[in-house]
Amino acid sequence: MDITLDPSRDDLPLMANTSHMLVRHYALDLDVDFESQVIEGTIVLFLEDGNRFKEPSHSSTETCPLESNEAFNFRTPEPCPVPVTNARTFSSKMAYNDFTICGKGEKDTSDKGGNHDNWEQASGISSSKYCCDTGDHGSEDFLLVLDCCDLSVLKVEEVDVAAVPGIEKFTRSPRLTVGSEVLRNEIIHELVTMPADRWREQLDYYARCSQAPGCGELFFDTDTWSLQIRKKGAQTATDFPHAVRIWYKTKPEGRSVTWTSDQSGRPCVYTIGSPINNRALFPCQEPPVAMSTWQATVRAAASFVVLMSGENSAKPTQIREGCSSWHYYVTMPMPASTFTIAVGCWTEVMPETCSSDDRPSKRPIPSSKADFRCVGACGHMEYPCRFQNAAATTQEVIPHRVFAPLCLKDACQETLLRLIPSCLSAAHSVLGTHPFSRLDVLVVPANFPSLGMASPHIVFLSQSTLTGSSHLCGTRLCHEIAHAWFGLAIGARDWTEEWLSEGFATHLEDVFWAEAQQQLSPDEAQEQQELRACLRWHRLQDELRNSSEEMQVLRPSKEKTGHVSESGASVIKHGLNPEKIFMQVHYLKGYFLLRFLAKRLGDETYFSFLRKFVYTFHGQLILSQDFLQMLLENIPEEKRLGLSVESIFQDWLESSGIPQQLQRERQAGAECGLARQVGAEVSKWIRVNRRPRKRKRGERAEVFEKVRHRWCELIVRHKFTAAYGQVERFLQEDQAMGIYLYGELMVSEDARQQQLARRCFELARGRMDKSSAEVVAEMLF
C-alpha cells in the first residue's frame with residue numbers, strides 16, 4: 001500500500017493489520033494540559049490473535065443495568081511519570097499549521113528525547129520497508145501495525161499481567177512457566193473472553209492489568225500513517241505480546257482534536273469528527289471490524305469538566321490540589337472511531353422544577369409498535385446487551401444531562417432541555433429499545449463545523465440549533481438520537497457506505513420529530529414531512545449540479561465494497577477530500593431511497609420490518625446488501641414490482657445523478673399543501689415589494705433567528721450593504737452553517753463582498769477546524 005498519499009486530497013488509508021490481531025480493549029490513562037495544548041499518558045492494548053478470534057456468541061440475559069455508573073466503582077489509577085529523558089515542555093499556542101508529515105528522511109524534533117524510532121536506531125530498518133509486510137514472515141518478526149498520525153510515541157513495552165495479584169485464576173494450565181509469554185497471553189485470552197454477566201469483574205481486571213509493571217521494551221517505528229511494533233523473536237501473532245503499553249503524547253496541530261475557546265472565552269478541547277478519526281488522539285485500529293471496548297481515566301485542572309463516550313455518568317475525584325480525575329468505561333464493543341472526548345469549563349444545565357402538567361402527554365402508540373417484542377438470542381459478540389434486559393426494553397426515556405458554556409445556559413434551558421424527553425420517547429416508540437443506557441448532550445464551541453455529531457452516550461450540538469423556534473433544535477436532536485441505532489449500534493462495515501448511517505438518520509428524524517410533536521394531527525405531520533421532502537429535493541438537485549460525478553455515488557467501490565487486503569488494511573475512497581465533509585449527497589439520496597421503500601411497503605409494514613432489522617443486526621456491522629436482502633424478503637410479492645438488490649444498487653447506490661425512480665416520483669407527485677402556502681406567501685410579498693412606498697426614518701429590517709442563513713444569502717445576493725454587519729456576525733457565530741456564505745460572497749465578483757469574506761475569514765480562521773479552513777481558503781485565495 002502506498003503510504004505517500006497527499007494527506008489533504010486522497011483516500012484515507014486504514015493501515016492496521018486487523019486480519020492478524022485485533023484490539024479487544026483499550027485502557028487509557030491521560031493528562032490534559034491546556035498550557036501546552038497536549039494530551040499525554042499511556043494506552044494499554046489488550047489483543048487477541050487471528051487464530052483465536054471468537055465467532056459471535058449469544059449475549060447472556062438480564063446482565064446490563066439501566067445505567068451502570070452507580071453499580072460499580074473502579075480503581076482509579078494514579079498518574080504515571082512519562083519515561084522521557086530531557087523531555088521538552090511544550091509552550092506553543094493554538095495553531096492550525098499545514099499537515100505535518102514526519103516520514104522517512106525527515107526529523108521529528110518533538111520527541112527525540114524519548115525512545116522514538118528505537119527500532120530504526122537499533123536495527124537500521126527503514127520505516128517504509130515493513131509498512132505493508134505485516135503477516136507471518138517465517139524467520140522475520142511479526143509486526144503489529146496500528147493507525148497513528150501526528151502522535152509523539154515515546155516508549156512501547158510489554159505488560160506483565162502475570163504480576164497482578166489474583167490473576168492466576170485466569171490460567172487453565174498449572175504447568176505454564178510463571179512469567180512466560182504463553183502464560184501472559186493465556187491470561188489475556190481468558191480475560192477478553194469472559195462472559196457478559198461478569199462485566200464488572202472483567203473491567204476491574206482490565207484496570208488492574210493496565211497498571212501492571214512492564215516486562216520488556218518493544219521495538220517500534222512510526223511513519224505518516226502508522227505505528228509499527230515488533231518483539232525480537234516473536235515470529236507470529238500468537239507469539240506476540242497480547243498486552244502492550246504505549247507511552248505517547250498528542251501534538252497541538254493534531255487533527256483528531258481541536259484546541260479552542262468556548263462561547264464564554266474559556267479554553268476547551270474536543271474531538272471534532274475529523275476525517276482521520278482518532279488516530280491523532282491515540283494509536284488504535286481504525287478499520288470498523290476492529291470493534292473494542294474501552295475505559296479511560298483523564299486528569300485535568302479542577303475547573304474543567306471531562307465528558308466522554310461512557311456508560312457511566314462520571315463524577316470528578318480530586319487527586320491533588322487543583323487537579324481532578326474522571327473515569328469512564330464502555331462494555332459494548334464499537335469501532336475506535338466512535339470514541340469521543342470533550343474537556344472544558346462546561347456548565348450542567350439543570351431542569352427547572354415543573355409540575356406534571358408541564359410534561360408532554362403521551363400520544364397513544366399504535367399496537368404494531370407498542371406490542372413489538374424481540375424474542376431469542378442476539379447475533380453479536382457477547383456483551384451486556386440492553387435488548388436482552390427486560391427493564392431496558394421498556395425504558396422510553398433514558399437518563400440524560402445537558403452541558404454548555406455558561407453564556408448559553410438560559411438558551412439551553414428554554415429550548416434544548418425540554419425537547420430531549422419527548423424526542424427520546426418518540427424514538428423509542430418507533431424503534432424500540434434504546435441501545436445505550438444514558439445520554440449527555442453538549443453544546444460545543446462556535447468552530448464546530450456541522451450542526452451535530454453523535455457518539456456512544458454523547459451528542460454534540462451546534463449553538464446554531466438554539467436560535468429561533470424549537471423546530472431546528474428538535475429535528476437536529478432527533479437526527480442525532482437516530483444515530484444511536486444507525487451509525488453506532490449498527491455500523492457500516494465499509495465507511496464508503498455512509499448512507500447506511502446518514503440516510504437512515506435523515507429519514508428517521510422526520511418520523512421521530514412528528515411523533516415528538518404531540519399537538520400535530522397525523523395529516524399535519526404528513527404535510528410537514530412532505531414539505532421537508534420538497535426542500536430536500538431542491539437541495540439534492542443543487543448539490544448534484546455543483547459536485548463532481550464521482551462524489552455523488554453512494555457505493556463507490558461497487559462489488560469491492562467491504563474488501564480489504566490480506567492483512568486487513570484498506571483505503572477509504574475520498575476519505576480525505578475536504579469537500580466531502582460539506583456534501584449532503586449521502587444524507588439526501590439515502591433519505592429518498594428509504595422514503596421510496598417505505599412508500600412501497602406502507603409505513604406500518606416498513607417500520608415493523610425496521611424494528612425487526614434493528615433487533616437482528618444491533619451490535620454488528622453491515623453492508624448495503626444486508627439491509628436490502630432482508631427488506632426484500634419481507635416485501636409481499638405483489639409490492640416488489642421488479643425491485644431487486646441489483647436494481648437498487650444500479651439505480652440508487654452505484655450511479656451518479658438523480659435516480660430514475662426518484663425523478664419519476666417528483667415529476668408525477670402533486671405539491672403538498674404547505675408548499676403551496678409557502679408559494680402563495682412568496683408571491684404576495686413579491687407583489688407588496690413592487691409597490692412604491694416611503695421608508696420610515698430609523699426603520700430596521702427585522703431578522704428572524706430561524707431564517708438568518710437565508711437572510712444573509714439575500715443580503716449578499718442583493719448587495720444590501722447596510723446589513724453586511726449581520727453577515728459578518730453570522731460567519732463568526734454560526735460556523736456550522738456559514739461556510740457556504742463564503743462561496744456566495746466570492747462568486748459575486750463584487751470587490752466589497754470579497755473583501756468582507758477575507759476579513760471574516762481572517763477573524764475566524766484561528767478558531768475554525770482545519771478542514772473547514774482549507775475549503776474556505778481555496779475559495780478566497
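Figure 1. The model shown here is predicted, with local features needing pLDDT of at least 70 and side-chain atom pairs counting only at pLDDT 80 or more, while totals for chains, interfaces and linings use all residues. Residues are numbered from 1 along each chain as its sequence is written, and side-chain values use heavy atoms, leaving out hydrogens and water. A pair of aromatic rings is described by the distance of the centres and the angle of the planes. Rings of Phe, Tyr and Trp (its six-membered ring) pair if their centres lie within 6.5 Å, and planes under 30 degrees apart count as stacked, over 60 as edge-to-face and the rest as tilted. The ring centres of Tyr606 and Phe607 are 5.1 Å apart with the planes at 80 degrees, so this pair is edge-to-face.

Figure 2. The aromatic pairs number 27. In one of them, the centres of the Tyr270 and Phe460 rings are separated by 5.8 Å and the planes stand at 80 degrees, so we again have an edge-to-face pair. Tyr270 belongs to strand E11 (residues 267-271) and Phe460 to strand E21 (residues 458-461), so the pair ties together parts 190 residues apart in sequence. Helices (H or I, at least four residues) and strands (E, at least two) are DSSP runs numbered from the N terminus. Tyr270 and Phe460 are both buried. Elsewhere, ring pairs join Phe486, Trp499, Phe504, Phe609, Phe613, Phe617 and Phe627 into a cluster.

**Figure 3. Two arginines placed over rings.** A charge sits over a ring if NZ of Lys or CZ of Arg is within 6 Å of the ring centre and within 35 degrees of the ring normal. Arg555 lies over the face of Phe649, 3.9 Å from the ring centre. Take a look at Arg208 too: its charged end sits over the ring of Tyr205, at 5.6 Å from the centre.

Figure 4. The model has 29 salt bridges, each a side-chain nitrogen of Lys or Arg within 4 Å of a carboxyl oxygen of Asp or Glu. Here the side chains of Asp29 and Arg299 meet, with N to O at 2.8 Å. Asp29 is in strand E2 (residues 21-33) and Arg299 in strand E12 (residues 291-301), so this bridge links distant parts of the chain, 270 residues apart. Asp29 is buried at a relative accessible area of 9%, and Arg299 is buried at 2%.

Figure 5. Arg595 and Glu530 form a salt bridge at 2.8 Å, N to O. Arg545 is exposed, with 58% relative accessible area, whereas Asp542 is partly exposed at 38%.

Figure 6. Glu311 sits in the loop between strand E13 (305-308) and strand E14 (317-320). Glu311 is buried and has no salt bridge, and the nearest side chain of opposite charge, Arg438, is 8.4 Å away. For charge, Lys and Arg count as positive and Asp and Glu as negative, with His and the chain ends not counted. A polar atom of the Glu311 side chain lies 2.5 Å from the backbone nitrogen of Thr331.

Figure 7. Lys558, though not a glycine, has a positive phi of about 50 degrees. Lys558 is in the loop between H10 and strand E23 (570-572), and is partly exposed at 36% relative accessible area. His574, in the loop between E23 and H11, has a positive phi near 65 degrees. His574 counts as buried, at 11% relative accessibility.

Methods: Buried < 20%, exposed > 50% of the residue type's maximum accessible area, 1.4 Å probe, protein only. Polar contact = N/O pair within 3.5 Å; in protein donor to acceptor, adjacent residues only side chain to side chain.
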